[in-house]
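Please keep the sequence and the 3D view at hand while reading.

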Amino acid sequence: MKRVILLATLSFVIVTQGFFTPNSTVESGVLVFKKHGDNFRTMPLEKLKKLIPPLKVQVLEPYESQEREYIGFALNQLLTTVYGDRWKHVDHILFTCEDGYQAAIPTENFIRFSSYLVYDRADNKEFTLIDKLHGDEFVRLGPYYLIWDDIRSPEVRKIGDVHWPYQITTIDLIDFSHRFLHIAPPANSSHYVKSGFDFFQMYCVSCHSINGEGGKKARDLNYPVNVTEYFKEPWLKKWINNPRDISYSSTMPALDPNAKDRERIILNIISYLKVMKDYKHKPET
């Protein structure tokens with residue numbers, strides 16, 4: 001699955017030759033709202049529809065590079081309806097997805113741009129897509145999919161697909177440094193390490209965790225063994241640049257091909273990972 005930026009009990013869906021067996025969460029569109037990790041409210045789709053009028057939204061779909069129309073809710077209105085103005089006073093909104101992917105998106109992005117939490121396509125077709133960015137993967141989008149108005153605000157496209165998480169089951173209001181205590185490098189780290197940490201948050205932490213903190217879609221990169229301890233640097237650079245150069249069947253996406261100075265980004269990420277091997281912390285169960 002695409003996507004950076006982060007935990008919850010996972011619920012799995014079996015996908016076979018384009019067909020899927022939805023679990024009860026998907027069928028009812030239950031959405032869990034949290035505040036700093038604690039349950040706040042839980043609402044099914046039908047209740048959300050009564051609270052907030054659904055809208056039709058047309059976007060330039062980043063995964064298929066074509067315009068598509070969806071049905072869903074204006075996210076700012078949804079957050080205000082559920083949380084009041086509390087959501088504006090945290091630094092990140094955390095979206096957790098069925099497969100363990102987590103997107104921690106700066107709150108300022110939601111204030112600056114129009115975003116929508118959608119639950120269906122407007123053309124009465126299946127709520128799915130083909131992810132052309134990552135090997136033409138068949139993707140089921142439900143129960144909820146976060147989209148952005150990238151037609152009226154084309155600058156949103158610079159953010160990339162990492163802020164378009166799908167299969168969303170939980171929304172959480174968080175302060176990043178409080179929620180993820182054990183992934184930051186030491187305060188006296190070099191500029192390269194700190195820069196690598198910034199890029200790790202941007203491109204990696206949605207799927208990967210450090211010391212158990214981060215996405216659960218892929219392996220933890222620090223505990224109990226740091227990835228730089230079993231992956232030689234030339235191969236790690238090659239893997240981050242494009243995993244399919246090493247494993248053709250890999251579903252991990254290559255580093256954003258449109259990123260500026262990609263080689264420096266990769267080297268800085270590796271610098272950050274190297275430092276973290278001396279700062280291992282056993283994850284809480």
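## A charge over a ring

The charged end of R244 sits over the ring of Y248, at 5.4 Å from the ring centre; a charge is taken to sit over a ring if NZ of Lys or CZ of Arg is within 6 Å of the ring centre and within 35 degrees of the ring normal.

The model is a predicted one, in which local features need pLDDT of at least 70 and side-chain atom pairs count only at pLDDT 80 or more, while totals for chains, interfaces and linings use all residues. Residues are numbered from 1 along each chain as its sequence is written, and side-chain values use heavy atoms, with hydrogens and water left out.

## Aromatic pairs

The structure holds 16 aromatic pairs, where rings of Phe, Tyr and Trp (its six-membered ring) pair if their centres lie within 6.5 Å, and planes under 30 degrees apart count as stacked, over 60 as edge-to-face and the rest as tilted. Y70 and Y145 form an edge-to-face pair, because their ring centres are 5.6 Å apart and their planes stand at 80°. Since Y70 belongs to strand β6 (residues 66–74) and Y145 to strand β12 (residues 145–148), this pair ties together parts that are 75 residues apart in sequence; helices (H or I, at least four residues) and strands (E, at least two) are DSSP runs, numbered from the N terminus. Y70 is buried at 0% relative accessibility, and Y145 is also buried, with a relative accessible area of 0%; buried means under 20% relative accessible area, exposed over 50% and partly exposed in between (1.4 Å probe, protein chains only).

F199 and Y203 make a stacked pair, 6.4 Å centre to centre with 20° between the planes, and both lie in helix α6 (residues 191–203), 4 residues apart, or about one turn of the helix. Ring pairs also link Y63, Y70, F127, Y145, W164 and Y166 into a cluster.

F33 is placed in strand β3 (residues 31–35) and counts as buried, at 0% relative accessibility. Leaving aside neighbours within four places in sequence, F33 is in contact (heavy atoms within 4.5 Å) with residues including F40, M43, L48, L78, V82 and I171.

## An open sheet

In the order β5-β6-β9-β12, 4 strands form an open sheet with antiparallel pairing; two strands pair if DSSP finds at least two bridges between them. Because β5 (55–61) and β12 stand at the edges with a single partner strand each, one side of each is left without a neighbour in the sheet. β5 and β6 pair in the antiparallel sense over 7 bridges, and L60 stands opposite E67 in β6.
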